[in-house]
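Trainee: Please take me through one part of this model closely. I would like the strand pairing, then whatever surrounds it.

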Amino acid sequence: MISIGALEEAVLALLCFSPENSPKIAIALTSDLFSTRTNKKIAETALTYIEKYGQPPGSQLEYLLESDMTRGEEGKLLTRTVETLKKQSTEIQASFILEQLDNFLAIQKLSINVQDAAEALQSGDLDGAREALYRLDKGRRRESPGIWLTDPEGMYKRSDQLDEDFFTSSIQVMDDYDIRPERKTISFLIGPKGIGKTWWLTNVGKGGIQHHHDVLHITLEVSQEIMAQRYLQSIFALTKREAKEVQLTTFKEIEGGIDFVVKKVARESVITSKKKIQRLLPTLKSWGRLLIKEFPPGTLTLEQLHMYLDLLEKQDKFIPDEIIIDYPDLMYINPERLRIDTGAVYKNLRGLGVTRNAAVVAVSQGNRESETAKVVRGYHAAEDWSKLGTADNVYTISRTKEEKLIGLARIFAEKGRNAERDQFMVLIAQNYMIGQFCTDSVYMTEDISTGEEKATGEIGRAHV
């Protein structure tokens, strides 16, 4: 069994010098988990570098620590430690150290909490000691004993939650049929590339915080800065750079189908509204909290996600009610087991939602056939379509060129595990220019389908 001291050095060596493993390790660590002042300094420097550049400092480490290395005996110790770590990084077996990472984290957290409790007792702070001891146990989530038939509150718990703990799909008709996110479930949207799946996630997240839920939005595809801008557009209905007049489509049901009501409205931009929005953002305290976090594609594992959630709970007292992932297929997946591991990712994410009592929401890329399909279906999901069996709610999005011209798309309710019904189509109006995935929605009967085809056909001919 490797000693804790040797394990600490090995973890630090990989953190500083392993391009393949350092990002995976970095999201689980904070510098205060290291036992010596020297190791804390090195870890803090490496973590800052990885967060900025997405890779370990490597040979840059000595340059980054150059001024500290000149400070007497402490600087000499720092120099020797860096040299030792550099040598170790070429000798240690990374897979073994990664397997031991959970043990390292558990031991270090235990040591810190025990030390905090002892220091609190010595200073006479009994409450502080109790809090430190409580932290030792908070990671172990107690299982529910179940629900007895004779327990009135337990038997009606879900019915009460549907009213009091509302999550939205961002599409009113889907919400009306209860095909929407809930705690301990996973919901996802399937569609071809470039159709607006990330905008759907943005609008789901917006709805989450507006209903007073804390939302964690994990982005593996675009940067967190781009996602922040998209949230501003969606929340405040702003254009990206310049104030513009935009077209909004809504529906009016009439005998024999629907009527399209199109109006033009002037909207400010994220740039022109900067000062006003920056003053307004700190006042949104009645909403839930939103955290947007970017991870490099192909690196995030389920274990690291659990560690990151533990870290948020510890450092920021942030426990998300809704976890949005854009998108799971870009998490770490063994390329030699692509189909099997892709399905396992979705299964494990649903398990994460159950464990964390959170609603998990994601998107999935459609396969090649989805690019030309008039109606995208569940079997158009890329890679392992067993993800459909895991999911609680599955939506698909389809759109013709003519529909795109007037801001329309169709959402198919492929699956609603807890809904009264599924397998139906909804017509939605949208405007991505101001960040709105769905401004209006209507259940598509045969009459409405005919009216929509006629209207979009006329629009299409007008643009030929």
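Mentor: F412 has M425 as its bridge partner in β10. The model is predicted: local features need pLDDT of at least 70, side-chain atom pairs count only at pLDDT 80 or more, and totals for chains, interfaces and linings use all residues. Residues are numbered from 1 along each chain as its sequence is written, and side-chain values use heavy atoms, with hydrogens and water left out.

Strand β9 (residues 408–416) pairs with strand β10 (residues 425–431) in the antiparallel sense, over 5 bridges. Two strands pair if DSSP finds at least two bridges between them. Strands are DSSP runs of E, at least two residues; helices are runs of H or I, at least four residues; both are numbered from the N terminus.

Now the whole sheet. It is open, with 9 strands in the order β5-β2-β6-β7-β1-β8-β9-β10-β11, and the pairing is mixed. β5 (290–294) and β11 (436–443) stand at the edges; each has a single partner strand, so one side of each lacks a neighbour in the sheet. On average, neighbouring strands are turned by 25 degrees against each other, direction ignored. The axes behind that angle are lines fitted to C-alpha atoms, for helices over the stretch in contact; angles run from 0 to 180 degrees between N-to-C directions.

Two loops deserve a check. Y327 sits in the loop between β6 (322–326) and α16 (338–356). The D326 to Y327 peptide bond is cis, omega near -5 degrees. D178 is in the loop between α11 (172–176) and β1 (185–191). D178 is not a glycine, yet its phi is positive, about 60 degrees.
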